[in-house]
Amino acid sequence: MARFLLRRLVVALLVAATVMTVSFLLTRLSGDLAISIAGPNATQEDVDLIRRAYGLDRPLWVQYLDWMGRALTGDFGESYFFKDRVSNLIAERLPVTVSLGLVGLGIALAVGPPLGIVAAVRENTWVDRAVMLVALIGQAMPSFWLGLILMIVLGLNLGWLPISGTGSWEHYVMPGIVLSFSAIPSLMRLTRSGMIDALASDYIRTARAKGLSRLSILVKHGFRNAAIPVVSIAAVQLGFMLGGSIVIETVFALHGVGFLAWESISKNDFPVVQAVVLVLALIYVGLTLLADLLNAVLDPRLRTA
Amino acid sequence: MSEAVLPGVTVPERRRGRLLRDSGLVLGGLIVGFVTLVAVLGPWLAPYDPFAIDLTRRLVPPAWMEGGTPENLLGTDQLGRDYLSRLIYGARISMVIGVLTVVTSGLIGTTMGVLGGYFGGRVDDVVVFAITARLSIPVVLVALAVVGLMGSSFTLVILVLGLLLWDRFAVVARSTTMQIRNLDYVAAAWCAGCSRASILLREILPNIASHLAVVATLEMALAILLEAALSFLGLGVPAPLPSWGLMIAEAKEYMFFSPWVIMIPGIALFVLVLGINLLGDALRDMLGTDLSR
């Protein structure tokens, strides 16, 4: 168990270091930053001035080590546009994105696995087919388009929810629904196939033979076994959702880190962009690590691996 | 075996399953075939120039709605451009980006996966690590950042998506290569004195190709959706090109008064992605393998 944990931890740290390097190189290799910051009307003197002011005239590896050293202590530098520390900006906005992710995951978990169980129990009937159709539709739905439709229907026509903005909990409902669509199909399919396998197994037959109630068989014996991969996928999905929230936050003008990243990208505010990429990637790495731990706790067979 | 024991139960069930799969295959094939045809024949099919602006005929509704005219079957956009013509040219953009992204990412992912799966050991460690690192990078954010810094262009979108979406190709190529690497025909080729390169290209690759085809459909659908999302945010295909995502973005201001402006390109996008996914699912069922995550 200890060796397994240690191995996973080392890999996670290496991945984190790689992502740090990538997010640094990303902004440096995409062209001359000083020119981008100075804007289209700048003279050569302006560009040179900016280059010196932001330390962009130093060799790349010096800039890299400098940025790495600071980032390790949580110092991502200063935003060019917001005139604030990047770490403050992210700390301010992260709760919004995490709340959105949790709302999305909550909706996905409330819809996906139950539908998957129903489909597995009624395998090869019209119920199963209807559920699989829902999965296909969910997969093909462009998230930003679904967002706009919800705005028209729930926001304008029915007037149930605010159309966009940040503030009350109501502002999280529509973006949460849209975000959940990206996770529902995979949670549903995974639960369904896991349940089909579980229901065909010997221990279910034994449980039936013992005369246990149908519900108890389904939940205690079936789903508990089918749930192992679902739990870890749910953690990974949360990571994907946080990464993908940029589109949804922009559509709904929900001021989380995704929206912050979008604002910064359009203003060439690269210290912020770099930091957001890094923070979201680190959260993902942390969540996959958590998923592995959960797996090891839920399934003792994996601990020796 | 089971058929012999319970013929009455298993056979109809299997037939019903096949019927379902076939209907998915037919529907998916029809959708993808139709959109491909439209994309290829675009210039001959489009009734008008998709870039021709006519400010006297702005936001004309589709022909079947009140105020619509048969001249513009799907109406016109906020600049008076014919919506049907733009939709047809948009199909070209989606299909070209989908196909080229899959080719790029497929080449990268397959190479990595096959090498890792065949050689194992250190090589495999590096491949697995690259996959893990790639998965932790938020795709949409990185794609947006690169396009934002370098300026939006058609080629850049393909390049960025192609360089980001290789992970599933690598995962599947790696695991399928591992399954067949020790099979007899691979060993026979080795004994016959074939070089490693020829084993990889002639024995391994043809035998994992069908699995990669399934991945290709999934990734193509994903690439098309991502392109639309990037263009929607203004950091994908540049205007005035009629990308479906860009059409939705440009029409967004008018959607509360005339919802059809976002419905038409949105439905086109949804149907195309649905068709590709149906085709991929049918292909996967035919292979009898479950690659879903």
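Select chain B to start: 48% of its 293 residues are buried, a residue being buried when 20 or more other C-beta atoms lie within 10 Å of its own, with C-beta atoms placed from the backbone. What you have open is a predicted model, in which local features need pLDDT of at least 70 and side-chain atom pairs count only at pLDDT 80 or more, while totals for chains, interfaces and linings use all residues. Residues are numbered from 1 along each chain as its sequence is written, and chains are lettered from A in the order in which they are written.

Stay with chain B and switch to cartoon. You will find eleven helices and zero strands; helices are DSSP runs of H or I with at least four residues, and strands are runs of E with at least two, numbered from the N terminus. The C-alpha trace of chain B spans about 75 × 55 × 35 Å along its principal axes.

Next, select residues 91-280 of chain B, where UniProt (unreviewed entry) places the feature "domain: ABC transmembrane type-1"; such annotations may be inferred rather than shown by experiment. This stretch is 82% helix and 0% strand, and its end C-alpha atoms are 19 Å apart.

Now bring chain A into view. Here, 43 residues of chain A are in contact with 42 residues of chain B, contact meaning that C-beta atoms, placed from the backbone, lie within 7 Å.

Definitions and conventions
A residue is buried if 20 or more other C-beta atoms lie within 10 Å of its own, exposed if 12 or fewer, and partly exposed in between; C-beta atoms are placed from the backbone. Two residues are in contact if their C-beta atoms, placed from the backbone, lie within 7 Å.
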